[in-house]
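Subject: Structure for your files

Hello,

Here is the structure I said I would pass on. My notes on it follow below.

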Amino acid sequence: MMALAGYPLGVRCTFLDRAADAPGAQVAPILLGDLEDPARLAELAAGSDVVTFDWENISGAALAPLERVTAIRPPRAALEASQDRLTEKALFSRLRIPVAPHAAVDSEAQLLAAIRRLGLPGILKTRRMGYDGKGQFVIGTLDDVDLAWSRIGGAGLIYERFQRFSREVSIIGARSVAGDIVYYPLAANTHSGGILRHTVAPFAGAALERSARAHLKRVMQALDYVGVLAIEFFVVDGRLVANEMAPRVHNSGHWTIEGCVTSQFENHVRAICGLPLGSTRPLGHAAMINFIGSMPDRARMLRIEGLAFHDYGKQPRPGRKLGHCTILAGRAKDRGQALMHALRFVEWT
Ligand code: AMP
């Protein structure tokens, strides 16, 4: 999606990926190799004006040597801050962005101490390498502790107080090399099993949007950020509580391809290439549905008015994001109806 956004601008992408059949290989040249292979990274950097990433678990240490050869955008500091849930929360707190009460956990005794201090229910998570709900265990009562520990126990965990949220929302914005910032409308996200299922945007909530923008701006400015950044929040008692940030284009912004004047992918490309940012004005009421584990019937979906279909060309696997669709409607009510209609054809496996 980033490469496709680059073409009309005259920007050409090359990808580094472990698999020859990676989605990017359908639309751009691909270097095959491990994402942290120094030789492959050096080859990528030597042939590029700028290097970016759409997966935030690549190690900062692997990227550091490339900085002598080319620009790495977003900055490595943002990548590294987002890789560890504890440092991420420390950054948020330092910038006066509310987070769930939490504690670092490296042993079962520390977990019990954290539960005594913070209370139940809570979630035990791995601090690093967690995404799409992987490496998480909900602890409802003390009886769950042993099972949680046997599943994901070890060093490098975090225990968080469970947030009784009314909504999950995300804000996405882009910051240019010159320091200009644009914000997309707030999006409301529905997760299940830790995986994003669908998003609606714009999500009406002027006060929440103002505060989400202010939080995003503080993070971007603190990190001297360049590119697209997303922050996910819980809405608890009408207030935002930050869950995590993603220093990359974000799944909850896929709707912007059809739903905004300039998509998140194009604005990411513009930002990292030192170009001016484009308008984030929404073109209607959008909904995005992820295709997870299996693809829905294409012809059936395409009969739905205002629906755009995206097949990433991946091999189906349970829990794998294989594509998405976006519905764009003139009125929020029509968007809601089309979303309900489309959801009937989508099976998540
Ligand atoms: P994460 O990997 O942190 O994005 O978590 C995935 C999903 O799990 C979130 O989108 C929430 O739906 C849920 N979740 C994570 N942390 C919490 C929490 N502290 N309280 C309630 N739900 C949570």
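A polar contact here is a pair of N or O atoms within 3.5 Å; within protein, one atom must be able to donate a hydrogen and the other to accept it, and residues adjacent in sequence count only if both atoms are side-chain atoms. This is a predicted model, in which local features need pLDDT of at least 70 and side-chain atom pairs count only at pLDDT 80 or more, while totals for chains, interfaces and linings use all residues. Residues are numbered from 1 along each chain as its sequence is written, and side-chain values use heavy atoms, with hydrogens and water left out.

Ligand site

A polar side-chain atom of Gln136 lies 2.7 Å from an oxygen atom of the ligand. For Glu168, a polar side-chain atom is 2.6 Å from a ligand oxygen atom, and Glu244 likewise has a polar side-chain atom 2.6 Å from an oxygen atom of the ligand. On its own the ligand has 470 Å² of accessible area, and the protein covers 93% of that (Shrake-Rupley method, 1.4 Å probe; for residues, only the protein chains shown count as cover).

The elements that give two or more residues to the shell around the ligand are strands S6 (122-126), S8 (157-161) and S14 (239-246). Helices (H or I, at least four residues) and strands (E, at least two) are DSSP runs, numbered from the N terminus. There are 15 residues around the ligand, and Lys125, Gln136, Gln163, Glu168 and Glu244 come nearest; a residue counts as near if one of its heavy atoms lies within 4 Å. The shell divides into four nonpolar, five polar and six charged residues. Nonpolar means Ala, Val, Leu, Ile, Met, Phe, Trp, Tyr, Cys and Pro, charged means Asp, Glu, Lys and Arg, and the others, Gly among them, are polar. Domain 2 (101-161) and domain 3 (167-343) each supply at least three residues to the shell, with bounds from an automatic or database domain assignment.

Sheet

Four strands form an open sheet in the order S5-S8-S6-S7, with antiparallel pairing. Its edge strands, S5 (102-105) and S7 (136-139), each pair on one side only; pairing requires at least two bridges found by DSSP. S6 and S8 pair in the antiparallel sense over five bridges, and Thr126 stands opposite Leu157 in S8.

Backbone

The peptide bond from Arg73 to Pro74 is cis, with omega near 0 degrees. Pro74 sits in the loop between strand S4 (71-72) and helix H4 (76-83). Another cis peptide bond joins Ala201 and Pro202, with omega about -5 degrees; Pro202 is in the loop between strand S12 (195-201) and helix H8 (206-222).

Regards
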